[in-house]
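Hi,

Here's the structure I promised to pass on. Have a look at it first, then read my notes below.

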Amino acid sequence: MTTVPSPNASSSAGPVALSIRDMVVTYDEFNALDHVSLDVAEGESFGIVGESGSGKSTLLRAVAGLAKFGQGSLEVNGQSYSGSGRNKEFYRTVQMVFQDPYGSLHPRQTVDRLLLEPLVIHGFTDVDARISRALDEVGLGAGFRFRYSHQLSGGQRQRIAIARALILEPKILLLDEPTSALDASIQAEILNLLEDARRARNLTFVMVSHDLGVISHMCERLTVMKTGKVVETVAAQALEKREFSADYTRQLLVASEGFRRG
Amino acid sequence: MSATSNQPLLTVDDLRVTFPTRTGEVQAVRGVSFTLGRERLGIVGESGSGKSQTGRAIMGLTPSQAKITAKTLALGNRDLLSISASECRHLRGKQVAMILQDPKYSLNPVMRIGRQIIETLKTHEKVSNAEAKARTLAMLEAVQIRDPERVFSLYPHEVSGGMGQRVMIAMMLICGPELLIADEPTSALDVTVQLEVLDILDKLVADRGMGLIFISHDLRLVSSFCDRVLVMYAGRVVEELPSADLSQAQHPYTRGLLNCLPTIGSDRHPLPVLDRKPEWRL
């Protein structure tokens, strides 16, 4: 199983925004990530699919500095980062949205406080205008500004989490299953919101999901992961035309098409 | 496939489940009616649509502060609303069984798997220890667990999610219930494992001629698994249709649910979203 993306799939258009080489994350003696390499071009939307335990979330967490990587290298916009520790500049460039909107917002802070915190950390001064603009951008408006997260629905919470990520005007957004805790109709709204934001700000997405449908809708290229390794990297259109080589990718594709009797 | 006997297995007429809250009463289920034969019925809806409360009301698992009313809620010819708690316990597990979403929470974490299944069996049938064990092992084999002896003596945390859900199915089917209610039985599992578990469930339900109520948020999955689908919105059934006719769904909510899913090969940007009309709630 090779970790090098196949040449026809890695035809990255612009300069490289995110480059991962031979990354290894080890928990005790277990290799959660086993020599993973990938490149994401600037402005690209890149997907990672796999089952639980495949290492897809660990990869995002290692990039964001939430998990320490032991070997390998990470480059973001030409800057090198080590296994642990990220500076402020990194978080101006890279922000993350998590799966569970119930767990990722502070339960005792109002939306205003939640959105204020990143702005204060990074020394912004026009906080008031930025907060109201961020709320407008995610389609919530001023009426939600002084609510607590328990007064919001799951979809509204995820909008706040997206607003919090976008408020620092990052270049790269790491999305860890951003819609898998949501109803199908709310999922569609959040995916549309993310696409609009990407278009308006020319963002780079790295999106993790177990749902091939979601990834093929949102991303131009995708990597299939299994047991901490990259199985293959293909263009999203290749799924439709069945132009992939790994048997595991086919299994995932069959599974995503639903139950068949017989 | 669905043999229609004269007497329906389950009759639900005008079922209502009401919860008291600080701001007044909330009706989670508002007049649901259907009959079920020996067939596979799907109930689909989003969170808060009342689909799970419908299943729980049939099972007698509604929280005590909630109020259930119905013109009829009968299993065969037994009225489920008027039976005592002990009669209900007798039915539950023996004639009606329920599979819940996540085996991590629905299996007893401090009891070995074999003992949990035997406990179910012994609650309802007078059997010797040896026979109980033999039947449990046979049941574990029926849910395609390769090494039943080993799994028999494991704790739930020692098995994977897919294995746990098979154990759950084994436990629910060991007393041979007539009706099985499966509430999101595969939503907590990985996609590839989902299909295996569904396959096992499908074969067992068909072989034993049970009635099945399959509750899920996933309209496509339900329609590929069931004979008939009820679509619920805000506590009511907004549409009922045979699974084969799903593409001809009339109600805008059903159509919206079908359309809003991103699928491989359909290039729709932006995705259509549901425009929830207030009149759907009426």
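Start with the β5(B)–β6(B) pair: strand β5 (residues 72-75) and strand β6 (residues 78-79) of chain B run antiparallel, joined by two bridges. (Strands are DSSP E runs of at least two residues and helices H or I runs of at least four, numbered from the N terminus; two strands pair if DSSP finds at least two bridges between them.) Within that pair, B:Leu75 sits opposite B:Arg78. The two strands make a hairpin with two residues between them, and B:Gly76 in the turn has a positive phi of about 65°.

Before going on: this is a predicted model, where local features need pLDDT of at least 70 and side-chain atom pairs count only at pLDDT 80 or more, while totals for chains, interfaces and linings use all residues. Residues are numbered from 1 along each chain as its sequence is written, with chains lettered from A and ligands numbered from 1 in the order in which they are written.

β5(B) also pairs with strand β1 (residues 10-21) of chain B, again antiparallel, over four bridges. There, B:Asp13 has B:Thr72 as its bridge partner.

Now chain A. Which way does α3(A) lie relative to α5(A)? Helix α3 (residues 111-121) and helix α5 (residues 154-166) pack at about 25°, with axes 9 Å apart (axes are lines fitted to C-alpha atoms over the stretch in contact, and angles run from 0 to 180 degrees between N-to-C directions). So α3(A) is roughly parallel to α5(A), a label for angles under 35 degrees.

Cheers

Methods. Parallel < 35°, antiparallel > 145°, perpendicular 65-115°, else oblique.
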